[in-house]
Amino acid sequence: MNKKIPLLLFTIFALVSCAKTEKLYGANEYNSPIFDENYYTDWDGIDSLGDKIESKESISPTNLKFSSSKNFKFAGDDTEYIWSGDKEEEFGYNHNLSDIEKKFSYGVTSKLFDGRVRCEGLYQKSRVQLDKTGFAMFFPKQLIKATKYLGFACRGGTDFPDQRFAKPNLKVDFNWSFYIHQDSGKYAVKTFVIHNAEIPVDNSGDTAFVYFQPYSLEDYFYEISGAVGMSLTWQCVDESMSLFPVTDDYTDKEKNHLSLMLYEVFIGDNDSIWN
Amino acid sequence: MAAKDNFFVKNKSIITFLILEIVALTAFNFGNISYIFGLAGAFLAIAGFLFVYKTTEDKKELLWLLLPVGILFLISGIASFNGHSKNFATLGNISLFLSLPAFLLLGFFLRKLNDVKPKNVLFIVGGGLAAITLFGLFSTIIEYGFFYSLIYKSVPNYYYNGIPYDVTKEMFWLSGFEFGEVYIEYGSLFAVLCASFLPGLLFISPKKDKNDFIICSLIGGTGLLTLLVIPNFKALIVVALASSFAFILKYLKNHQKATKIVSISLLSVVGLGILFFVITLINASAGFKFTGFLYRVFVSNRIMNKCTPVLEALFIKVDGQLINFFGLQPLMINESAMLTETNVFEVELLKEVGLLGAFLFIGFVIVMGYFVFNYIKKSEDNDSIKAIVVVILLTYFAYSTVFNSVIIAPHSDTSYNPFLRSSSLLVVLFLLGFTFMPPTKKEVSVNE
């Protein structure tokens, strides 16, 4: 009996992983009314993974879509989806990852899987604010199979004080990478290079749905099966910057800045499999 | 019909088992499906009442019992059929209507069956409470570690679906069949009730009654450890204050004097509380006329700031009628007045059953308080049982006055669990029924 008690205590201590207290933040961290304080630049250690085999794929213009209109359809699918409307019928709230896998509900990046594709009056609570260096994250589960489409909801955001200034849409290039664990112990990095995606900037909370899909809806993204994490970087297409009295040089404190407001990430449809 | 031929007497072991199982499962608390045990308890209680009525010659005790049962029926009637109840399923409302009086009757019925020793009844109830608390303790340690409410006080936020939540205000808990985050106040109530078993140890000899000592230590220790791991000092203070009753009973040689001291102290506290409650209501009904010091005491302070919106809503008049007299209307439920967590069960009662219902409940507590004092003075139960029962009752009502929790889970908009629908209240009502002792001349019990 006496020997069992220390063993029991040891077991309890060994079980303590403190999952909920692993990453905690101060009251205003990523939730500040000050624009500059909300940049999320965490790469979650994903850039220091060991051996990587990199491959890139440019998303062809025919495959790339961006939509900020009220309704939209996927190619090869007659269903009309509602981008912005009543919460119950919106595409975002019916295809968000946190409803498929509860573990996506935790962490700062949970903002990207909660179904909110627009600000909804929550301001910085609803989005992840990125500078050019982007961000990365490990998924809480491994992606086995992503179906139908990959995409994200985003817009440009500035700290330009004059909100009356009508801002044209911005053309942005994205590098969206998935980190796939391989049997050899190495990681394959599959990067989708997205050119000239057009996104709104500070326009009454409008967002664009930037997505691409295989030609056939029956296909799935076999190239990213086994992904354990992702990263996203972005940069303005050259001519875009000339349209704005802002800079994407964040070291320049004199000028106003441009950032990417990322609202939601969709990795496959609801029948995608995570393990 | 002779008592020994009665169906209940012949099968009393089975019936005792059923009652204890229902109470233990209620104590274990199955979240949204707890009302099933309320319904099951109601059927047993009705049968039990008929049995006691047929087999007891002295009906005076039953007449006394009808007083609290009648009050409970009035309260549960208001709660089940008022505007507030429209937010809940019909079956849940029927369960509420029947279960409040039923659990009081179940306790009384079990005592009359006299098939299990009173200490074992307490241990079974405590076992149910300790089981759910133990699950909570382990899962809380695993998820948060030790002393997390102190360690992470300066950096307390984690994000859930994009919204920051304060980790120091929650713990992990088994709700229904799923573990998840609940507010500390909610989970700690079960721990507090378990810890209330510890004062019983003062009256149990570890040598003579080794088994009882171990069981009581395990139940109480589970509660105490849970409160220490968080740590929840406020809850510990409530347990310590309530436990002082047991110390007085133990170390004051004159039993009568000890009871008198406790009675006077409690009557003073309860009296002051009722006076405060009444003055607050009069001020609210008059449109909050108090200013200066009285304003700070009765209207605007850390506690009253949460209660004042409810009091305001309570006295809303439409065409000269108090529309919320029997509890806040359904419209109010989705507004801030209803969902504001007041942490004060008396004010929650105002939300749930309005002025009449709240005063009926306070009346019920006073009437039962009288019977409990009678139990302490006259019952042949040993002092350990008396101490545990009384400390449980004291901690429950004291804790519910300052830390009552009707919003259980921080992440859910639909985790509203009204005071009158809580399983812990049913357990307390069962204990009140079990210790029910009216001022009759002789003990009435039915044995084979």
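Which radius of gyration does chain B have, and what would a compact globule with 448 residues have?

View 1. Taken over C-alpha atoms, the radius of gyration of chain B is 22 Å, which agrees with the value near 22 Å for a compact globule with 448 residues, the globule rule being 2.2 Å times the number of residues to the power 0.38. Along the principal axes, the C-alpha atoms of chain B fill a box of roughly 65 × 55 × 45 Å. Of the 448 residues in chain B, 48% are buried (20 or more other C-beta atoms, placed from the backbone, within 10 Å of the residue's own).

**View 2. The side of chain B that touches chain A.** In this view, 18 residues of chain B are in contact with 26 residues of chain A (C-beta atoms, placed from the backbone, within 7 Å). Helix H6 (118-144), strand S1 (157-160) and strand S2 (163-166) of chain B each supply at least two residues of this side (DSSP runs, H or I of at least four residues for helices and E of at least two for strands, numbered from the N terminus).

**View 3. Confidence and the end segment 443-448 of chain B.** The average pLDDT (the predictor's confidence in each residue, from 0 to 100) of chain B is 88, and 94% of the residues score at least 70. Over residues 443-448 pLDDT stays under 50, and the model has 13 contacts beyond four places in sequence for them.

Residues are numbered from 1 along each chain as its sequence is written, with chains lettered from A and ligands numbered from 1 in the order in which they are written. In this predicted model, local features need pLDDT of at least 70 and side-chain atom pairs count only at pLDDT 80 or more, whereas totals for chains, interfaces and linings use all residues.

Definitions and conventions
Buried ≥ 20, exposed ≤ 12 C-beta atoms within 10 Å, placed from the backbone. Contact = placed C-beta atoms within 7 Å.
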